[in-house]
Amino acid sequence: MNKTEIKSNKVSYKGGLASYENLSFRARLVKDWQRNKIIYLIALLCLSYYFIFCYAPMGGIMIAFKNYRPARGIWGSDWVGLKYFKQFFSSHYFGRLLRNTLLINFYDLLFGLPAPIILALLLNELVSQRFKRTVQTVTYLPYFISQVVICGILLDFLSYEGLINQVINMFGIEKTIFMQDPKYFRTIYVASGIWQGVGYGSIIYLSALSGVDPQLLDAAAIDGCNRFQRVWHVTLPAILPTIIIMLILRVGSIMNVGFEKIILLYNESIYETSDVISSFVYRYGLLQGNYSYSTAVGLFNSIVNFVLLILVNYVSKKVSDISLW
Amino acid sequence: MRASKEKAVAWNYGKKGVASRIFDTFNVLLMCFLIVVTLYPFIYVLFASFSEPLRLMAHRGILLAPLGFSTGGYSMVFNNDGIVNGYMVTIYIAIVGTLCNMIASLLFAYVLSRRNMMWHGLITVLAVFTMYFGGGLIPTYLVVNALGLIDSLWALILPGLINTYNVIILRTAFNSVPVELEESARLDGAGEFWVLVNIMIPLIKPTIAAISLFYMVGHWNSWTSALIYIKTPTKYPLQLVLRSILIQNDTQASVAGTAMYQAGEDYAARMLLKYSTIIVSIVPIICVYPFLQKYFTKGIMIGALKG
């Protein structure tokens with residue numbers, strides 16, 4: 001439906017682009033400018049935002065290859081080539097940061113990707129539509145509560161005198177200071193992430209589920225499929241493209257762990273499992289002023305992500321014909 | 001023939017075998033459990049915030065109702081200059097910021113929805129590329145610094161002025177407006193701005209409302225840009241104040257001033273302040289939540305991913 005509208009928009013008023021197809025490039029430029037002058041001026045205004053706050057920082061990445069000193073400015077600082085990259089790869093931080101970043105994302109992929117799919121499928125099987133809406137309303141909520149509040153509640157519940165310890169103590173289990181013990185951090189991080197995002201994440205799958213042709217389900221029912229078989233053979237294949245798109249996006253950000261939640265939850269005693277690349281860039285770069293070094297670390301992170309995104313997208317395009325672009 | 005088919009379907013659906021019924025029961029129970037797990041942390045905090053501090057401190061285990069009744073925590077919150085000030089800053093940012101966001105996003109979405117221009121493709125690519133690759137924390141900080149925005153509230157608004165994802169949603173909405181409406185206006189000699197303001201915007205009001213709410217909630221919950229760019233405590237938005245109270249346990253100053261709680265009761269008072277602050281900070285979100293939910297369940301947000 002949308003597509004036809006877009007098409008009709010293309011050949012809209014005054015003939016559209018087609019009307020000057022046979023003109024020379026310069027003549028087309030002039031004609032296009034005359035027709036869309038105001039649009040181009042607005043575009044320039046909006047693009048200036050992108051140039052200042054997106055592309056200028058991308059240019060600023062060059063300080064990763066320079067010994068940046070604020071007093072001398074970006075242009076006045078000396079080039080040092082790959083010095084900071086080599087320094088990072090050989091530092092003892094490298095292994096720890098890479099391991100933590102990858103492991104947190106791996107667990108998040110392993111548990112966080114299927115969770116909303118399962119929730120959507122279960123919601124879809126609910127008989128009462130009212131109950132379904134109630135569950136949806138409730139589970140979407142935590143997504144809109146700020147990270148600070150969520151982490152504040154988490155830290156409070158997980159503290160030595162907190163709710164979790166009070167409850168497990170009743171069952172005779174020894175109290176633990178969860179946030180001082182490195183072995184709990186990843187579980188806490190991933191589980192709370194799922195708790196907060198599972199409802200919101202299910203929206204996209206529910207919307208895909210609403211597009212499943214009921215006739216297919218009827219046909220399957222006639223052929224003698226039971227409920228589970230209908231889900232397995234009809235529903236799941238129908239939402240597979242959505243699942244693959246989400247998978248591509250996830251794998252393409254396998255090196256991304258936002259520093260927001262990390263720096264709210266971590267403390268020095270559990271850096272061992274909780275310090276990730278982005279939190280390191282924030283702490284080491286911004287707080288301690290090692291601009292060039294941490295920009296190099298951040299760049300390494302973005303490049304790995306970007307390459308992975310393109311790679312996974314390419315593979316998916318070849319294998320399943322589903323891709324982002 | 002048709003009747004028999006329907007019969008077969010009905011039979012197959014209606015055939016609630018034992019396994020199917022067990023599954024239904026299990027499913028409903030699981031969903032009830034999910035509701036409890038999702039809501040209980042907030043309910044606990046709500047109950048705790050109205051409890052009498054000393055009884056709360058002595059209590060062990062879950063709360064099923066407030067322990068006694070006390071509004072001491074809330075009076076501490078409203079007498080706390082930091083929190084009240086943070087609230088004001090956040091409201092200011094949420095209003096001014098969202099207004100700026102919407103003006104810029106609508107203009108840009110309108111540009112992207114015009115397809116009969118030569119450089120349409122290039123402009124789209126320039127915007128979409130930023131969704132996948134960015135300069136990173138430090139270079140962005142250096143740019144904001146170079147613009148002289150450090151410690152200015154504009155540093156909380158300008159760097160995130162346009163969210164490309166939201167722009168694509170708005171563009172999709174613009175594209176769904178029938179071309180004929182616009183054409184007839186143009187034949188009468190209407191200019192771009194007239195078309196945008198009098199035809200396009202009124203027709204996509206629900207989408208505009210949804211995106212505004214998303215920007216607003218974003219501003220309300222945002223704290224990292226303030227952490228990075230804002231140095232003066234009186235310019236701290238609510239979330240940053242919350243962080244110092246909830247995460248860094250920096251409640252000494254805020255509690256000490258209240259004569260009501262003396263040293264021995266200090267810990268209890270601090271607990272109460274924490275819980276009350278959480279409630280006060282999420283009430284506005286709960287208030288706009290029904291509207292938020294109304295829009296995204298309509299599938300507006302999803303349209304963008306497909307478009």
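**Close-up views of a predicted two-chain model**

**View 1. A salt bridge within chain A joins R99(A) and E272(A).** In this predicted model, the closest N and O atoms of R99(A) and E272(A) are 3.1 Å apart. Because R99(A) belongs to helix 5 of chain A and E272(A) to helix 14 (residues 271–274) of chain A, the pair ties together parts that are 173 residues apart in sequence. Over all chains, the count by this rule comes to 15 salt bridges.

**View 2. Helix 5 of chain A packs with helix 12 of chain A.** Two packed helices are described by the angle between their axes and by the distance between those axes. For helix 5 (residues 92–112) and helix 12 (residues 227–251) of chain A, the angle is about 170° and the axes lie 11 Å apart. Since angles over 145 degrees count as roughly antiparallel, helix 5 and helix 12 of chain A are therefore roughly antiparallel to each other. Helix 5 of chain A contributes D108(A), L109(A) and G112(A) to the contact, while helix 12 of chain A contributes L247(A), R250(A) and V251(A). By class, the residues of this contact divide into 3 nonpolar, 1 polar and 2 charged.

**View 3. D24(B) and R227(A) form a salt bridge between chain B and chain A.** The closest N and O atoms of this pair are 2.8 Å apart, and the count between chain A and chain B is 3 salt bridges. Across the same interface, 22 residue pairs are found in polar contact, both residues being at pLDDT 80 or more. On the side of chain A that touches chain B, the largest share, 24 residues, comes from helix 2 (residues 25–60) of chain A. That side of chain A has 69 nonpolar, 20 polar and 12 charged residues.

**View 4. Chain A and chain B meet with 101 residues of chain A in contact with 103 residues of chain B.** Between them the two chains bury about 9,400 Å², and 75% of this area is on carbon and sulfur atoms.

Key: Residues numbered from 1 in each chain as written. Chains lettered and ligands numbered in written order. Predicted model: local features only at pLDDT ≥ 70, side-chain atom pairs only at ≥ 80, totals over all residues. Heavy atoms only, no water. Contact = heavy atoms within 4.5 Å. Buried area = accessible area lost by both parts, 1.4 Å probe. Salt bridge = Lys/Arg side-chain N within 4 Å of Asp/Glu carboxyl O. Polar contact = N/O pair within 3.5 Å; in protein donor to acceptor, adjacent residues only side chain to side chain. Helix = DSSP H or I, 4+ residues; strand = E, 2+ residues; numbered from the N terminus. Nonpolar A, V, L, I, M, F, W, Y, C, P; charged D, E, K, R; others polar. Axes fitted to C-alpha atoms, helices over the stretch in contact; angles between N-to-C directions. Parallel < 35°, antiparallel > 145°, perpendicular 65-115°, else oblique.
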